[in-house]
Amino acid sequence: AHLARRGAEYGLRIPAVEVDYPAVIGRARDIAVKSRDELASSLESTPNLSLIRGHARFEGGDADGFRLRVGTRSVSARHVVLDTGTRSVIPPIEGLEGAGYVHAGNWLDLEELPARLVIIGGGAIGLEMAQFYRRLGSEVAVIEGGKQVAGHEDGDVASALRQLLEAEGIRFLLETRVEKVEGQAGKLRVVAGGARLDATHVFVATGRRPNTDDLGLETVGVKTSKHGMVEVDARLATSVAGIWAVGDIRGGPMFTHTAWDDYRIVESQIAGDGSRTTDRVVPYAVFTDPELGRVGMTEEEARKAGRSVRIGRFEMKANGKAREVGATAGFIKVVVDAEDDRLLGAAVLASEGAELVHAYVTLMNAGAPFTAIRDAVFIHPTLAEAVQSAVSDLPA
């Protein structure tokens, strides 16, 4: 829809752009359901694997292992891997429960496009959903309690991302707390600071909480943090030998790709040589447009850690391919250790930023200096040339 509205830039006459929201959300839902069904089918067809559907709770342990109850069924095991994930945190805001709020767990069930949407939270989910709904036609306002959106990023990166979204008509209220929500679904008023925002829907994106509150962990002595996260070591072992925790419930980076690599760590511990650990390079992305691909330390984190750094920066508007395809928004920023030329981190705010950042991921995993990219030959014209241009900009 966004590209179609820009048709004139490419010499295309598109008189009107109409969004069929039920079809859009139906396609998204179908993809999610198909992915789940294919995974379930794969498990069910795997030899020596039993898929038991139901809520599992520990009932204790003995010399032979652990006892679990799944409905009316009893299961025993010598190893148990906890992978129950997280759910949206719903803050105790007056009137919110009666507002029929939307969150990451139910947005695919929303059959109507919100006319006026207020999003509580300016993290990755809040920003992604703000742009999604705005480009489909919603009026969108984002309320964030912190000084900037994307609070884990450097200020210049977060500011640029916010400005790009503001240019699309998204309103931001920073350093603002929601006090209450008045009215009912479809006709709401969000009171935040000195503002009163009329809305048809409210989207809550204020973090995640672990699904560990009804697993019977206390019966076997598994330690959790005050927020319910399962405590693990670098090999994903819990405080109880034979019980492991993977994915979001162990804290740290909450991404599908880290959960998948957690499987490789546990496999290594249970059935391999035990060499794999959480000592690894973990990239991530914010899937706005342009995307923000990120890996390693921010500049602020590096300086706080006492590192002597050099900063390279390249504006995407100077990249030939970006100009040709009309995707010149954003920039690339690299943080390099001034003593050994190793890359400490990178932020790629660019079209296909989640793809481009992998060049830096590979460099960091190889432990190679930035000159390995600087001195390579890149294809022209490509967006990937910008990856090289950013390190070529590093001061001597």
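Guide: A cavity is a set of points, on a 1 Å grid over the protein atoms alone, where a 1.4 Å probe fits but cannot get out; its lining residues have an atom within 4 Å of a point. The model here is predicted: local features need pLDDT of at least 70, side-chain atom pairs need 80 or more, and totals for chains, interfaces and linings use all residues. Residues are numbered from 1 along each chain as written, and side-chain values use heavy atoms, without hydrogens or water.

Visitor: What is the volume of the largest cavity?
Guide: The structure holds 1 cavity of 30 Å³ or more. A volume is the space filled by probe spheres set on the points, which are joined across faces, edges and corners. For the largest cavity that is about 60 Å³.

Visitor: Which strand gives the most to the lining of the largest cavity?
Guide: Strands are DSSP E runs of at least two residues, helices H or I runs of at least four, numbered from the N terminus. The lining includes Lys333, Val335, Gly345, Ala346 and Ala347. Strand 19 (331-337) and strand 20 (343-350) each supply at least two residues. With 3 residues, the top contributor is strand 20.

Visitor: How many residues of that lining are charged?
Guide: Asp, Glu, Lys and Arg count as charged; Ala, Val, Leu, Ile, Met, Phe, Trp, Tyr, Cys and Pro as nonpolar; the others, Gly among them, as polar. Glu153, Asp154 and Arg294 are among the lining residues. The lining has 5 nonpolar and 2 polar residues, and its charged residues number 5.

Visitor: Why does the length of helix 2 agree with expectation?
Guide: The expected span is 1.5 Å times one less than the number of residues. Helix 2 (residues 21-44) has 24 residues, so it should span 34 Å. Its end C-alpha atoms are apart by 34 Å.

Visitor: Is Phe66 buried or exposed?
Guide: Phe66 sits in strand 2 (residues 65-70). Its C-alpha atom is 5.4 Å from that of Ser76, 10 residues apart along the chain. With a relative accessible area of 9%, Phe66 is buried.

Visitor: Which residues does Thr277 contact, leaving aside neighbours within four places in sequence?
Guide: Thr277 lies in the loop between helix 5 (256-271) and strand 16 (284-286). Contact means heavy atoms within 4.5 Å. With those neighbours left aside, the contacts of Thr277 are Ala234, Arg235 and Ile265.

Terms used: Buried < 20%, exposed > 50% of the residue type's maximum accessible area, 1.4 Å probe, protein only. 1 Å grid on protein atoms, 1.4 Å probe; cavity = no way out; pocket = protein on both sides within 12 Å on 5 of 7 lines; lining within 4 Å.
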